[in-house]
Amino acid sequence: MITVTKDKIFSLTNRFFSYVFRVSPEGILEHLHYGGPLKTPHNVAVHHMRTQRETASNFQGSQYFNLSDTPQEFPCFGTSDYRFPALHGRNSDGNTVFSLHYKSHKIVKDKPRLKKLPTARGGDSETLVITLEDPRHKLTVMLSYTVYRDYGVLVRSAKFKNKGDQEIQLQHAFSSALDLPANEYDVLHLHGTWAREFNEERISLPKGRFVIDSSRGTSSAAHNPFIALLQKGTTEEFGRVYATSLIYSGNFALSVEKGEFEDVRILAGINPFNFHWRLKPGKTFCTPEALHVYADNGLRSMSHIWHDFVRDKISPTRFRHVPRSTYLNTWEAAYFDIDEDKVLDLAGKAKEIGVEMLVLDDGWFEGRQDDTSSLGDWTADKARFPSGIPALASKVKAKGLKFGIWFEPEMVNPRSALFEKHPDWVLHVPGRKSSLGRNQLTLDLSRPEVTDYLYEQIDAILCCGNIDYVKWDMNRHMTEVGSAGLPKNRQREVSHRYILGLYGLLKKLTEKYPDIVFENCASGGNRFDLGMLSYMPQGWISDMCDPVGRMDIINGASYLYPLDTMAAYIGPSPNHQNGRISSIQTRFLAGMFCAARGVSLSEAEIDAHRDEIMERMALAKSTNVDMVGGRFDRLVKNNNEVCWQYTSRDGGRVYLVYFHILAAPNLPFRRAHLTGLDPDAVYVLQEDNTRYQGDALMHNGMPMPYVATGQVKDDMRYMSKGDFSSYLFIFNKEK
Ligand code: GLA
């Protein structure tokens, strides 16, 4: 996989890609190729010509070599490269000019882990570690590149070490830089806000710098940490794609720069805006890992690479391919109007409709009657939950259900015992009022005493042994990000130290409770990223449960995240966020391919649709095994239709959902072309035992049901009349 020639050309090659760079005659790490796998990667042409440019050169005797157009592996600023650099800061002379030169390299078997940060797991992999050095300031940068035998993901990170005797201040400490040749590209990214996460935007890459980032303390719904550069004309099935993400949950930046010579630079890492790290002599700083995917058959092939990798190398191993339970969540069933009796009633309903777990959402802890108080005080409310959580959990379990509970550990309400006792435990800056978000403040997780307190509080509930699931929520953006635990000159380290504190807490809790399924939530998808997924196998991607909204969200999120990292439930209709009325069927099918499925409906709503809900929950339960580890394909997505295919891991069952959003008369007859089937096999449609040949389903396609608006004829396949109709096909592969 990793090979090096005598004249220091490095190649990382597997069956998915080759990544090639060299030490240039000038001692710079010069990028040569990233793309399809090469048989003789060391012979790749240098795509950067040595030619005269009207620009400065820092290399005496090499007037045709300048950094402004040289593709590099880890560029700095100040010695003739004017593009945005991977390293920038204040050196020991007080200026910002750094210059990194190759010093040494080593190849290690497998993949080292990073201290304090979540990392992709190794296994059948090799890692190349290149050490670069700035000789004047004795700053070394160790670049790590991991390549796997069976995955199309390249993992990169950088480790900075101050080997001098003076402090160095880091401002840009990116995880990776990727310089690609001039070409016509589009950029795809995912943006949004609360209840409207993961919208896709695709634009033609302009000259200049295009950046998505966060300074909100979480990776955030505004921009998910994902960016893809697409060859012009790329579709789901065609085109070269370069995609990047990060294993990080805080302030990140992903940028694409098209320079003066139209070459393209992708930078991935911690957001340099408002970041500042003091690196004392002898100290090191590790960046989060950046992940790069190259795919040459369009967006679907890119997603397959991501999905396999996220499942196998990021999300906790112990839940890999483990079916998730169906559940009833109390939130949209009762909101804050919840007490022990109501929980037991809802547990009774859950049992009646055949779901497997009861999840007690917000509202159970001391004094919490609405969202104005009590976050921070994690003991059961004495008046409404007199038996306490362990006893309630036992009662629920006695009904034959599992029991789950909600926490929002990182927050505190000013109206709480915790805040009264420790007002300085929140993120704040001296002399300024703290902004409130949903009436709450953010605890300062950069302080060990705060994470210790949270560990004790949560542990005290979980240790009863009756908890099967925890929903870990986080419901505001951070402001006044300052810490009473750090000196004045380290205040710009707080955001990153917060994330390190959070990761430490999650590691400790998930290691102590390996069997509890932790679900990541931040007002829905405000922190749905690979960092959080490293600890929690699934996430609540959005508070939007209206099926039309949810389809867009899942479609966007599926570019990067496999659907077995997602939870979805049948929420109320009219929907509480947008008022749309839709059927149980369509609400269910929008989340059909997510691993964890359930309901959040009041007893009255359940009674009104009892049989329909029971039928869907039975289907969810019987397909729980299939909904982990399978292959997801986006087949159709336009303004009015969505069609997705899901194929079980063993290929034995194929599901197809089709949604038709707004009804209209005289519509065209649609077909969906299935993908990835065995052309020689027969697939039997469950509803009527019709046998279809695999090649026909792929090449001729499957006719989609017609949206009935007028008279219907018995032998045609129709969907329900009206808007928001949907249909599910299940095919069983004949043995
Ligand atoms: C957030 C979550 C919801 C619910 C509420 C409870 O909004 O996204 O699912 O848990 O908090 O307050």
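A nonpolar core is a set of buried Ala, Val, Leu, Ile, Met, Phe, Trp, Tyr and Cys residues joined through side-chain atoms within 4.5 Å, where buried means under 20% relative accessible area, exposed over 50% and partly exposed in between (1.4 Å probe, protein chains only). The views below come from a predicted model, in which local features need pLDDT of at least 70 and side-chain atom pairs count only at pLDDT 80 or more, while totals for chains, interfaces and linings use all residues. Residues are numbered from 1 along each chain as its sequence is written, and side-chain values use heavy atoms, with hydrogens and water left out.

**View 1. The largest nonpolar core of the chain.** Welcome to a set of 192 residues, in which F160, M302 and W364 have the most contacts. Helix α7 (residues 494–512) supplies the largest share of this core, nine residues; helices (H or I, at least four residues) and strands (E, at least two) are DSSP runs, numbered from the N terminus. In soluble globular proteins, nonpolar side chains tend to be buried together.

**View 2. The surroundings of M302.** Leaving aside residues up to four places away in sequence, M302 touches F226, A228, V241, A243, V293, A295 and Y559. Contact here means heavy atoms within 4.5 Å.

**View 3. A second, separate core.** Look here for Y658, M698, M704 and Y706, which are among the 23 residues of this core.

**View 4. The cis peptide bond between S573 and P574.** Omega is about 0° at this bond. P574 sits in the loop that runs between β29 (566–570) and α10 (584–590).

**View 5. K8, a non-glycine residue with positive phi.** The phi angle of K8 is near 60°. Its loop lies between β1 (2–4) and β2 (9–13). With a relative accessible area of 27%, K8 is partly exposed.

**View 6. N274, a non-glycine residue with positive phi.** Here phi is near 70°, and N274 belongs to the loop between β17 (264–270) and β18 (277–279).

**Setting for the close-ups.** To place these views, picture a chain with 13 helices and 40 strands, whose C-alpha trace spans about 85 × 70 × 40 Å along its principal axes. Buried residues account for 62% of its 735 residues. Among contacts between residues at least 6 apart in sequence, 68% join residues at least 24 apart.
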